[in-house]
Amino acid sequence: MSKVTFRYLSQEDILALNIPYEDVLDAVEKAMAKFSQGLCQLPVKVHVNSRPGTYVNAMPAYIGGEDEAQGMKWIAGYPANRTKGLPVTWGLMVMNNCETGGVEAIMDGRWITAIRTAAVAAVTAKYCKPKNTEAITIIGAGEQGRSNARLMKIVIPELKRIYIGDLYEAAIDSYLKKMRPLMPDVEFIPFYTEEERQKAIDDSQILITATQRSDKPIIFCEMLHKGMLGIPLESTAWEGKTYTRFADRFVCDDVNLVNAYLADGKYTDGLPEELLTLGDIINGKVKGRGSEEEFVITSSHGIAISDVAVGQMILKKAEEKGIGTILPLMEEADIIR
Ligand SMILES: NC(=O)c1ccc[n+]([C@@H]2O[C@H](COP(=O)([O-])OP(=O)(O)OC[C@H]3O[C@@H](n4cnc5c(N)ncnc54)[C@H](O)[C@@H]3O)[C@@H](O)[C@H]2O)c1
């Protein structure tokens, strides 16, 4: 047996690749389309929970067709980490060769998670937003609050205003300091009170909640208006009735996953009868929006199809540019001593 190696890519290696967000959007959209064509394998993710309110998820997927790929993300979510100066969401991505199963790469999973989640939301917005989307309200000025703003502007060039709120003024301050120079053609407007938050929602065509898991919802039907797209990144942040009584259209990344969360009690008022998927919308099987008056709600819990698609893209770019560290996995065929 010849020496077996794999490529190791740290977060900084991935950043050094300078991957355009357009490429991530493209990879995610194509993968979602393949999923809808029945070309993928996606077992429902499994988890362990070492502390209340935390998780470490195992997320495998296979993407078939042209440019096939397979891999698994092993990703932790520990909300209290923010008080320890550590990332809330972090972990690893493993990419496996489709012919041999051999490990081709191990890479940081934090960047992939942050960007692919925003990419799924942005692709959803591309197909489900009302025509003239000039303003978005984002609640939660963390990692997702930032990445969603960046990717939304790419799919919605007409976007003019982003309202931003958070439980902590310091989080809003650092958000504005970071985002205003990055996106000078968008006006960032902070809100601090409930009244200001309501005015922001009233003016917005898209509402994104990028808060952490909580026992209580923060969005209620009476806060919403028709003709919007609602994007709860954490489904429990929205009152159960927003899904069943207020929304006219429900769009998710994976029906099996949504049903698993339903069984887990994550949708307190149940779910609408018709569950549409982003992949079917991309493929033109169903419409992302029926009229300008509809309220469309999307509930994507995050699927490994998007992680594997982005992982594959990162691996190809790293191979082309010679970025990363080649590490040995094994050399000898005979291992019994
Ligand atoms: N669906 C997916 O695929 C997916 C993937 C990654 C993260 N997420 C979810 O996205 C959410 C945000 O993740 P993140 O990495 O940005 O976390 P983060 O900790 O970086 O940011 C969350 C921000 O929300 C603020 N916040 C919390 N509760 C709030 C409230 N009630 N009102 C206003 N602000 C509040 C916090 O102060 C913090 O600044 C999490 O719930 C996470 O589970 C979903």
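Predicted model: local features only at pLDDT ≥ 70, side-chain atom pairs only at ≥ 80, totals over all residues.
Asparagine 18 is exposed, because 8 other C-beta atoms lie within 10 Å, and a residue with 12 or fewer counts as exposed. Asparagine 18 sits in the loop between helix H1 (11-16) and H2. Its phi is near 50°, a positive value in a residue other than glycine. Most residues other than glycine have a negative phi.

The protein as a whole comes next. It contains 10 helices and 16 strands. Its radius of gyration is 20 Å, close to the 20 Å that the globule rule gives for 337 residues, so the protein is as compact as a globular protein of that length. Taken along the principal axes, the C-alpha atoms fill a box of roughly 70 × 40 × 40 Å. Of the 337 residues, 42% are buried. Among contacts between residues at least 6 apart in sequence, 71% join residues at least 24 apart.

The chain is divided into domain 1 (4-112 + 304-330) and domain 2 (126-299). The centres of these domains, taken over C-alpha atoms, are separated by 25 Å. The contact between them takes 14 residues from domain 1 and 18 residues from domain 2. Which element gives the most to the side of domain 1 that touches domain 2? It is H2, with eight residues. By class, that side of domain 1 has eight nonpolar, four polar and two charged residues.

The buried residues of H2 are Val24, Leu25, Ala27, Val28, Glu29, Ala31, Met32, Lys34 and Phe35. An α-helix has 3.6 residues a turn, so residues three or four places apart point the same way. What covers the buried residues of H2 includes strand E2 (40-41) and strand E4 (55-63), along with the helices H3, H4, H9 (278-282) and H10 (304-321). H2 is followed by glycine 38, whose phi is positive, near 80°.

Methionine 313 is found in helix H10. Is methionine 313 buried or exposed? It counts as buried because it has 21 C-beta neighbours inside 10 Å, and the limit for a buried residue is 20 or more. Leaving aside residues up to four places away in sequence, methionine 313 touches Asp23 and Ala27. Methionine 313 and aspartate 23 are 290 residues apart along the chain, while their C-alpha atoms are separated by 8.4 Å.

Glutamate 273 gives another pair to look at. Its place is in the loop between helix H8 (255-263) and strand E14 (276-277). Glutamate 273 counts as exposed because it has 7 C-beta neighbours inside 10 Å. Glutamate 273 and alanine 119 are 154 residues apart in sequence, and the distance between their C-alpha atoms is 26 Å.

The last topic is the ligand. How many residues surround the ligand? There are 28, and the closest are Gly140, Gly142, Gln144, Glu234 and Gly302. Helix H3 (110-128) and helix H4 (143-155) each supply at least two residues of this shell. H4 gives the most, with three residues. By class, the shell has nine nonpolar, 14 polar and five charged residues. At least three residues of the shell come from each of domain 1 and domain 2.

Notes
Residues numbered from 1 in each chain as written. Near = placed C-beta within 6 Å. Helix = DSSP H or I, 4+ residues; strand = E, 2+ residues; numbered from the N terminus. Nonpolar A, V, L, I, M, F, W, Y, C, P; charged D, E, K, R; others polar. Domains from an automatic or database assignment. Rg over C-alpha atoms; globule rule 2.2 N^0.38 Å. Contact = placed C-beta atoms within 7 Å.
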